[in-house]
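Before you build anything on these coordinates, here are some notes from my reading of the model.

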Amino acid sequence: MSEGRIVTEETEEEVPAANGREDAPGPTPAPKSPPRWWLLLGRDRVAAAGAVVLTVVLLVALFGRLLIGDRAQRQDLDASLRAPSLSDGFYGLLGTDVLGRSVLARLIDAAGTTLSVAVPAVLCSLVIGSAIGLWAGYHGGRRESVAMRVADVILSFPSLLIAVVVLYVFSPSALNIVLILAVARIPVYLRTSRAEAAELRSRLFVDAARTFGTPSRQIIHRHILPIALPTLLTVATLDFCFVMLTESSLSFLGIGIQPPDVSWGLMVAQGRQYLQTAWWITVLPGLAIVLTTVSATVLAAWARIATDPAQRWRLTLPRKRRGASAAVPPEMIP
Amino acid sequence: MVTFLRKRILSSAVPLVFVVLGVFFLARMTGDPVDLYLPLSATAEQRAEFSAAQGFDLSVPAQLWNYLADAARLDFGTSLRTGQSATEMVLDAFPVTLQLAGVTMLLAITGAVLIGSLAAYRPNSLVDRIAGLLSMTAASIPDFWFAVMGVLVFGVSLAWLPTSGTLGGPEVWVLPVATLLIRPFGVLVQVVRGSMVSALSAPYVKVARAKGATPQRVIFGHALRNAVTPVLTVAGDLTVGLVNGAVIVETIFGWPGIGKLMIDSILQRDFAVLQAAVLMTAVTIFALNILVDVCHALTDPRVRQAVPA
């Protein structure tokens, strides 16, 4: 998840519109420089902290394995179940598990696994769901109702139940988990983008494009997608939490990521037997999950306001004086 | 009202049909369904015997017909683990989960309405910000980790509550219900707050305030009635999602409910029981969706009149 992209893209595309409106009367003066997204982010300390945490997790997931090598799998039975301490060097910082493997190294390794499931799953459902949703919403009619019925069918099922059945029939592997999670989350994007497209298709600029004979695929791509994109990316940020939690639950239950691979959920499951003697094996991976998901939720809540031109001004005020923001649309709740 | 109900039942039945067919075709997609039903250690004779007994040597349409006929009679075969009828096992497990889910949703809705309304009454006050942060965290905590932490703190360290099992007084309910509760509660607080904020800024609330109504009367008498529709929708979705939580909670706390039954039958490759449990859950969700629609119609006269898509 690149939280940076959400905001950069939207600032660049909203700015001309905002300036055009402000500067319309009178001879156009030098355009006021747009509020930079990182300045807006800096004003909201909670959202900024969330962005920092997510960036760190992303960097660890990308480069952590290169740095730790095979430390996550290296066993040392003499050092079994050591408590976190400062005296055992870098790999002993967070203690060891029952086989003497460094918990810190395993956490880093697991970050890679967890994100390598969550990110592709979110991207797949984002691309497929939005494409179908925009198409259905723009054309309306029968195409729309068929797409929405399919979304209803998928959504009316608990995702864990789908995953459980499919992983019973097919073997639990990272690829299968990605596919299931992607399919299970497609309806979320489908509904959001359909609603956006259905609203946008009757706007004047779309009518104008249609009058000039622009093919519908191009209208969707050039005129509708750029406006719907910020909302979709916000939903994707929130959905990332959901996907991560589901993967962790599946791994915890033993039908997700399989050993010797390791994910945060699997680490919690493996540490459960030693709960009374070695709390750190269970507590730390759980904390890692909570920290990542809370950060993504906070950032998504911020991005929802920041990507809405009618609400963005609130972010320039201190938190106390912002007033009530609009109600969260149901699709945006994780 | 009758037309409304008929339309909703028809449109809710579509997912149900998909699941019934889905389970059938999924079982055939891997090739030989005997692989699914029997454990990996089954001998060749056992497999041949089972295949003939279950009619897996028939043509696919004939198999589908047998499957549908059996499903209609609630006959899903016998469990490989216990030799009991799969339907019986599912029916035994079902009330446990239903009780657990019922208590949880009742508490979640009551708590969320109270706290959400309180937070919405003064947006951006201290109460609002604390409620916002708490609900956001509650909605993002992995439930399995919350359960394990609960066991660690209250079961092991403080020894106040039992770590698992269903035998005993009301204290056995505390940890399972708390675990199931956090996510629906966190989400519902946000929804209640959102829709109450818009309801409280409506003109009729201003009128009520101007006429000197007490805050309680304004919130519960005027605003809440109009804010309840989105809350109902989300609460319905969350109840469906409670199945996810039930699988986790029942596994951790050893409750003999439908979630534990499903995981056990997966880990021990008992397809007949899994199939029965999945279809039973599907029927319950179907009933639940209709119930939510009826509640909608009861609370909002506009829904009753509008023709649903």
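1. Chain A of this predicted model has a mean pLDDT of 77, with 79% of its residues reaching 70 or more. Over residues 1-31 of chain A the pLDDT is below 50, although this stretch still has 31 contacts in the model beyond near neighbours in sequence. The pLDDT is likewise below 50 over residues 324-334 of chain A, a stretch with 35 contacts beyond near neighbours in sequence. Where pLDDT is low, the predicted coordinates should not be read in detail.

2. Between the two chains, 44 residues of chain A are in contact with 50 residues of chain B. On the chain A side, helix 5 (141-155), helix 6 (159-169), helix 9 (216-253) and helix 11 (279-306) each supply at least two residues, and the largest share, 9 residues, comes from helix 11 of chain A. By residue class, this side of chain A divides into 27 nonpolar, 12 polar and 5 charged residues.

3. Helix 6 of chain A, one of the helices named above, is mostly covered, with 8 of its 11 residues buried. The buried residues of this helix include the run from A163(A) through V164(A) and V165(A) to V166(A), as well as S159(A), L160(A), L161(A) and Y168(A).

4. Which residues have the most contacts inside the largest nonpolar core? In this core of 169 residues they are L188(B) and A277(B), while helix 10 (residues 215-253) of chain B gives the most to the core, with 19 residues. Leaving aside residues up to four places away in sequence, L188(B) touches A108(B), I109(B), A112(B), V231(B), V234(B), A235(B) and L238(B).

Key: Residues are numbered from 1 along each chain as its sequence is written. Chains are lettered from A and ligands numbered from 1 in the order in which they are written. This is a predicted model: local features need pLDDT of at least 70, side-chain atom pairs count only at pLDDT 80 or more; totals for chains, interfaces and linings use all residues. pLDDT is the predictor's confidence in each residue, from 0 to 100. Two residues are in contact if their C-beta atoms, placed from the backbone, lie within 7 Å. Helices (H or I, at least four residues) and strands (E, at least two) are DSSP runs, numbered from the N terminus. Ala, Val, Leu, Ile, Met, Phe, Trp, Tyr, Cys and Pro count as nonpolar, Asp, Glu, Lys and Arg as charged, and the others, Gly among them, as polar. A residue is buried if 20 or more other C-beta atoms lie within 10 Å of its own, exposed if 12 or fewer, and partly exposed in between; C-beta atoms are placed from the backbone. A nonpolar core is a set of buried Ala, Val, Leu, Ile, Met, Phe, Trp, Tyr and Cys residues joined through C-beta atoms within 7 Å.
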